[in-house]
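Hello,

Here is the structure I promised to pass on. Please open it alongside this message; my notes follow below.

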Amino acid sequence: MDTMNNQFTTPVIEEESIDLRQYWHTIMQRKWSILSFAIVVTLLTIMVVFSIKPTYRATATLLIEAQQANVVSIEEVYGLDSSNNEYYLTQFEILKSRQLAEKVIRNLNLVNHPEFNPEPGFIKSKITEIKEDLGVNQFIQDQLNTPTVELTAQEESAQHFQIVTDSFLKKLSISPVRKTQLVKISFEANNRLLAATVANAVGEAYIDNNLEARLQLTAKASEWLTGQLSGLRQTLKASERRLQEYRDSQGIVGQDGGLDIANTELELVSDKLVDARRDRLALESVYRQIRAISKNNPADFERIPTVLQHKVVQNLKASVLVVELKKSELAERYGAKHPKMQAAQSELNNARRSLNSQILAVVNSIENEYRAALASEGSLKSAVNQTKSELKSINRKEYGLKELEQEVDANRQLYDTFFGRLNETNATGDLHSANARIADPAIPPRLPAKPKKKLIVVAAFAASIMLGVMVALLLQALNNTIMSAKDVEEKLHATLLGLLPLLPKRRKHDHPSYTQYIQEPQSAYSEAVRTIRTGVVLSALDNPHKTLCVTSSIPGEGKTSMSLSLAYSLGQMEKTLLIDADMRRPSIAKAMGIATSAAGLSNLVAGTADVEECIHSIENANIDILTAGIIPPNPLELLSSKKFAKVIEDLETRYDRIVIDTAPTQAVSDALMIGKIVGAMIYTVKADSTNQQLAKNGLKRLKEANAPVIGVVLNQLDVKKAEKYGYDYSGYYDSYGYTGGK
């Protein structure tokens, strides 16, 4: 049972997510509005597009050559480079220049052409007339303290020429073709023949302008070259004279002053010095070993590898070994005093003396070679130093010589260059060619370039559709009313007791919902009321809500029809009393055909009438009604009195259920006072009408007053409109006609 109670009292907050179906239903709901808006915009666009004069675009292709075809390369004289990208960028800017445009305008006399002197339209002329009549221009000048300046005919002509030039440049476009030497010259005009004529004229004017500039440059270069040539001649002669005087004074012979001979000599001596140093170092090591051994014991020199490796020493060493071998063989047969042994010993001694003598000779030879190598190295070193000194002297002379030679060469080269350029310029002064030509002349276009009527109309239709969709989604996003059960739970954080569908209005019956439950008990509306009744009963099974109060945020949300319908449905089960506690705008008496002057709640609380006089029975509805009675001057004081609470307490002993219709929460505080003595309160919200913040504020006020709000009823829900929005309410009431007789 606690679980069931929590089901009706705890709102379920779902995680927010993007619902594409909701967007689609929003669009479909307003599809006719969007389509109507798109059609209107498209029709207006068609009217505007077909009223615009067609504009034709003619294009001429110009070839700008990177390598100039001139015989005389004047650009080189001035240091220009025509092969890089900067050259082409410069030519493109020249094509778009104001000077070239003015030349074309003068050649074609475009100042007086109708293209640049359009007649003012009807609207523009009328605006001008109105301004003149009202003196708007004079008023503006007076306010700005701008004095009126009268222009002369020449100044007016110049001003008009500037205006035509500005218009001309706006219609002209220059578009280079990537990775080529081609450039597209396009011109837009309302006259197709004029567009082609101007495009070709711009190309021809550019070619003529380039030729004129080149011719002027050639003449100027020739004049400048002539002036410079005489000075260069004197400079060259002076530099040659200084060179010859330097050669004579320094005694320089040869092309480079003898530097090549000195370098060769230094190279040879240096090579010999390196060889001598290498030989000396090799002998020095052996020499030091020899000096470390005494010559009194020649056998010790055998430890020196150089001595031991000497060929004569090796031969004598082998002879000694042979004699020693022979002696050792005789020693095995004879004694030491045997003649053969003595002869062998004598032969061995002689061999050793010869070996020692040869070792000493080799040692002395090595010492002599070392001394000779040392002396040779010293002499070669002196020769190298002397050669270096001579080379330094020659280098100093050669440095001065080269400076003078370079000066002479530079002056001669400059003189020859200027002399050659002057001869070429004088010989070919009248021969020049253009750097560009028209590769593809412009022809009058057959079709206008703009406006592209079909594209504009299609784009306008598509844009208006998109704008309409955006506005529809924006209106939907800005709609802060309560539209669905989901809004009740997510925006109001309240429990939804049920939904009441919107009933069609009937003639002679302003409030069909007052009697719908009685007249059509099997309708979807009646089933929805029974669903709400079930929710109210199930919300408190153990301790039933005996007294129910129905309120809303503002008037017109259907709280009275909700009170009547709920009382009808409860009257079918229990003894029920309906009380009209809206003491400011009572409506139940009128709805049920009871006289407004009849005794009611105010009389019962005041004690001027008893219960039987105030209560009216409605037999066909099986309920009793306690009308508001006479409206008191201060209804809030009456409803907050102890007598009113005592009356409700007494009525609870007579009836099983009491339904009270009270005033809205945002208008007055009556509902807050009644909420303290009732068992449950039902909050009525009109679908797609009640502001979200109003409903939240009303519920907040009731919560702060500790009123027992058990849920919200979403009233007057437009089922068809809700289905367009994608809401499914089949679970709340019978939308399939299951309960209907039909």
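In what order do the 4 strands of the open sheet run? The order is β2-β3-β1-β4, and the pairing is antiparallel. The edges are β2 (172-176) and β4 (436-440), each of which pairs on one side only. On average, neighbouring strands in this sheet are turned by 30 degrees against each other, direction ignored. Please keep in mind that this is a predicted model.

Next, the β1 to β4 pairing. Strand β1 covers residues 56-64 and is joined to β4 by 4 bridges. The two strands run antiparallel. For a position to look at, take L63: it stands opposite R437 in β4.

Two helices lie across strands of the sheet. Helix α5 (residues 85-95) lies across β1, β2 and β3 (182-189). Its direction is at about 145 degrees to β1. Helix α9 (residues 153-171) lies across β2 and β3. Helix α9 runs at about 35 degrees to β2.

Is Q516 buried or exposed? Its relative accessible area is 4%, so Q516 is buried; the cut-off for buried is under 20%. What does the side chain of Q516 make a polar contact with? The partner is the side chain of S523, at 3.3 Å.

Best wishes

Conventions. Residues are numbered from 1 along each chain as its sequence is written. This is a predicted model: local features need pLDDT of at least 70, side-chain atom pairs count only at pLDDT 80 or more; totals for chains, interfaces and linings use all residues. Side-chain values use heavy atoms; hydrogens and water are left out. Buried means under 20% relative accessible area, exposed over 50%, partly exposed in between (1.4 Å probe, protein chains only). A polar contact is a pair of N or O atoms within 3.5 Å; within protein, one must be able to donate a hydrogen and the other to accept it, and residues adjacent in sequence count only if both atoms are side-chain atoms. Two strands pair if DSSP finds at least two bridges between them. Axes are lines fitted to C-alpha atoms, for helices over the stretch in contact, and angles run from 0 to 180 degrees between N-to-C directions. Contact means heavy atoms within 4.5 Å.
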